[in-house]
Amino acid sequence: MRIIPVLDLKGGEVVRAQQGKRDRYRPIVTPLSQTSDVVAVTEGLRRLYPFPTFYIADLDAIEGGTPNSAALARLEAMAEPPELWVDAGFADEKTLSAALAEPWLCPVLGSESQQDDALLRRFSGHPDLILSLDFFDDRFRGPASFLDEPALWPQKVIVMTLAKVGSASGPDFTRLKAIKAKAGSRSVIAAGGVRNEADIRALSSLGIAAALVATSLHDGTLTPGHLATLGT
């Protein structure tokens, strides 16, 4: 069971996510770093555990603004650069193709950013593409075929329940179980609501491959001891 830390980027800084209400996101305050600088926060998280992979939500790019390219470049320039799973609102073939060409980046195709399923159909077979099925206020956001045709899914599928993000209310087990049942041999990744070690173990028992986690790392609920035991 992998634990993948989340870095939500806005205006070049790491911000604290709150249930998908992006207008309320503010620069993160965490005991793991003295600032909200992306490298400082990444280094702070790596003092808990040597995470090899981080998930990045480029909120500016997702909302149609200027991508946080400089912040990503700084992460790539670290002495031990992490693999980055990046949702930057990819919505056209040129941008997605360029991202897939980067050896250190796995682009996340967010369903909320898609007008149709053309990109998913075109690139679903690419080994580095990750699909995010995005749910807001218990409703799916994206083309219906994303849910109705699991044959379109790539090998990694994130189930993103935004109402759970930063809520400390527990993962969306019911939805995760339903998606897992449709996913076949694909890896299903949980996003939103992970509170503690018990939640991680419950997800693992469902066959969930990984969890995207932020709050429980920053508030100390998941300790270095837990992380070492869980074998992330």
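Which residues of helix 4 (residues 93-100) are buried? They are Leu 96, Ala 99 and Leu 100, where buried means under 20% relative accessible area with a 1.4 Å probe and protein chains only. The model is predicted: local features need pLDDT of at least 70, side-chain atom pairs count only at pLDDT 80 or more, and totals for chains, interfaces and linings use all residues. Residues are numbered from 1 along each chain as its sequence is written, and side-chain values use heavy atoms, leaving out hydrogens and water.

**Helix 4**

**Overall fold**
- The protein contains 10 helices and 11 strands, taken as DSSP runs (H or I, at least four residues; E, at least two) numbered from the N terminus.
- The radius of gyration, 16 Å, is close to the 17 Å that the globule rule gives for 232 residues, so the protein is as compact as a globular protein of that length; the radius is taken over C-alpha atoms, and the rule is 2.2 Å times the number of residues to the power 0.38.
- The C-alpha trace spans about 45 × 40 × 30 Å along its principal axes.

**Burial and contacts**
- Of the 232 residues, 53% are buried.
- Among contacts with a separation of 6 or more, 64% join residues 24 or more positions apart.

Conventions. Buried < 20%, exposed > 50% of the residue type's maximum accessible area, 1.4 Å probe, protein only. Contact = heavy atoms within 4.5 Å.
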